[in-house]
Amino acid sequence: MEYLKNVIPSQLVAERGANLVVINPGSANIKVGLANQDAPFVIAHCIARRTTGANLPPRKNVVDQMLNSQVTTAQHVERERAYDTIASLMKIPSLNEEVSNSYSRKMARLDGSNLPTSKKEPTLTWADVFETKSDSFLPTETSLKNDISDFNKVAKHKETTYDGECKYKEFIFGEEALRISPCEPYCLRRPIRRGHFNVSSYYPAQQVLEDLRAIWEWILTAKLDIPSSQRTLYSAILVVPETFDNRGTKIKELLSIVLGDLRLGVAVVLQEALATVFGNGLSTACVVNIGAQVTSVICVEDGVVLPATGITLSFGGEDISRCLLWTQRHHQTWPPIRTDAISKPIDMLMLNRLKESYCRIKEGEIDAVVVVHSYEEGMPAGVHKTRLTALNVPPMGLFYPKLLVPEVYPPPPRTWFLDYEDMLEDTLGMEYARRPDGSDLYLGFSGGLPMWESYPVFSNKLLQKEESLGLAEAITKSILSTGRIDLQRKLFCSIQLAGGTSLTSGIIAAMEDRVLHAIPPNEAIDTVEVLQSRNISSYVSWKGGVIFGLLDYSRDAWIHREDWIRGGLYIGSNRKYRDSYYIQAQPMCYMNS
């Protein structure tokens, strides 16, 4: 303790950060880096595998193409109603109003060059799917199965697959995988989707785990330059999202990848909400993490997560991007091009860029002259200049989620729902019946309920419940569930945003206003405040993992590789591992002392 009071921060980072890897996995992106880095690598959490004739027909270039993304008539009506509600709040015409009418409104025409958040991004191009000599670090299927992690050594063992004079890459990772043309022989896989393992009849659990391992192996080798022979000298902090619930199987699988497959020497699990408050030097807050595909709300008091306050909403930044496309097509401002965010991931990349540059929450009509690109198979990007309108409507979908209409996912096999072991309870010496198929996967909960209510009969009841709950109502419900007026008042004045979508211009003022209106009139609360993040909110949880790792000198909750391999036991702890519900905020003590 005395050492931490006197040590210079840069000295602490230099001493302990070089061998500390912080991993924060998400549905769309994974944030990874060494603790001595200023910022993590933010990498698309996906892999594209080369397909062969055995995989055909029909060939799918994206596994998730089979998802049901069609909007029903009822959803379409609800979406239009939500648009009109937002239009009234934003003082812009509703869908049925003519621009030339007498509607009194503010005007705020924005040009991309004048927008503070806009960037002149280079045009996205199709990925090069053929190997060069510099691609020698890519693993083969054989190397992955045999646990050979040194990519430079396995290059010579690669299967030779030629197209004329060119040789296809067997695997492509990150954003490059999203830019593969649909006509190329690859299938894109996302191991985590909507905050859960992306298990379906098209994507078996074993393949999900294998893809996770391949992606993380590539990151350690190609991005962090950590050779396999030295990994036992490194420690890992696994910052897990709130959707990885207390049934624990997802976390156990990830620990097995980190400690077993990737061969890191020691690891600890830290919940994302707790890492977020660490990253901002707080001890109590209502953490609102607006991710790409999932939004989570949970409260933290004195450095301890309150699990009963957790609420998960099945929408995020990518849904805002898809809504942006729907809005422009409805207003006939989108060029006559084939834009498909599901079957052509490169289109989602483009939509995300447009959303980040031009969408904002502000009253009045907001439009912008932008360049839109079209991506046709085997053709260079087409350029289309157009004027986008109603740019303040899509981000308001966070508060009126019927505007967003998230995809409906097919349920996994029934066996994936079963898990007999709760990672939060003492399990040493307790015997549990194991499943005969040996599977060890559980798809978690949302707002305290299973994602799917039954199988094989799939019910939409829960999804409808989630979609009807806007972000302001979720925050209010989460805070009020604490049941103590003193804590409620403190939390309403300590709302902490995280995730890339939290950078949307105007979101703080809008959230304070919407939450204040969502509080029931019988509650003695009249103040709402969203705190400014001390770190960049898109990776503040990763930064919190760094702080925890640097300051946690006791390491009581850390798991050694040898102990995990012997059976997942942390000797002397009476737990499989200590979840962050039970990790007291040691860094908070150090920073506040």
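1. Pro 394 touches Ile 320, Cys 323, Leu 324, Thr 327, Cys 359, Leu 403 and Leu 404, leaving out residues up to four places away in sequence, where contact means heavy atoms within 4.5 Å. This proline lies in the loop between β18 (382-388) and β19 (445-446); helices (H or I, at least four residues) and strands (E, at least two) are DSSP runs, numbered from the N terminus. Pro 394 is buried, with a relative accessible area of 0%, buried being under 20% relative accessible area, exposed over 50%, and partly exposed in between (1.4 Å probe, protein chains only). Pro 394 and Leu 325 are 69 residues apart in sequence, and their C-alpha atoms are 9.2 Å apart in space.

2. The model is predicted, so local features need pLDDT of at least 70 and side-chain atom pairs count only at pLDDT 80 or more, while totals for chains, interfaces and linings use all residues. Residues are numbered from 1 along each chain as its sequence is written, and side-chain values use heavy atoms, with hydrogens and water left out.

3. On the chain as a whole, the secondary structure comes to 18 helices and 23 strands, and buried residues make up 59% of the 593 residues. Of the contacts in the protein chain with a separation of 6 or more, 72% are between residues 24 or more positions apart.

4. Gly 265 is buried, with a relative accessible area of 12%, and, apart from neighbours within four places in sequence, is in contact with Arg 231, Thr 232, Tyr 234, Leu 259, Ile 559, His 560 and Arg 561. Gly 265 and Gln 230 are 35 residues apart in sequence and 9.4 Å apart in space, C-alpha to C-alpha.

5. How do helix α13 (residues 471-480) and helix α14 (residues 485-492) pack? They do so at an angle of about 150°, with their axes 9 Å apart; axes are lines fitted to C-alpha atoms, for helices over the stretch in contact, and angles run from 0 to 180 degrees between N-to-C directions. Thr 476, Ile 479 and Leu 480 of α13 make the contact with Gln 488, Leu 491 and Phe 492 of α14.

6. Helix α15 (residues 507-518) has twelve residues and reaches 16 Å from its first C-alpha to its last, close to the 16 Å expected at 1.5 Å a residue, the expected span being 1.5 Å times one less than the number of residues. Its buried residues are Ile 507, Ala 510, Met 511, Arg 514 and Val 515. Seen down the axis of α15, these buried residues fall within an arc of 120°, so they line one face of the helix; the arc is that of the directions from the helix axis to the C-beta atoms. The buried residues of α15 pack against α3 (73-90), β14 (285-290), α13, α14, β21 (495-498) and β22 (530-531).

7. Helix α16 (residues 540-551) is mostly covered, in that twelve of its twelve residues are buried, among them Trp 542, Lys 543 and Phe 548.

8. Two backbone values deserve a check by eye. Most residues other than glycine have a negative phi. Lys 91, however, has a positive phi of about 60°, and is partly exposed at 35% relative accessibility. Arg 194 has a positive phi of about 50°, and counts as buried at 8% relative accessibility.
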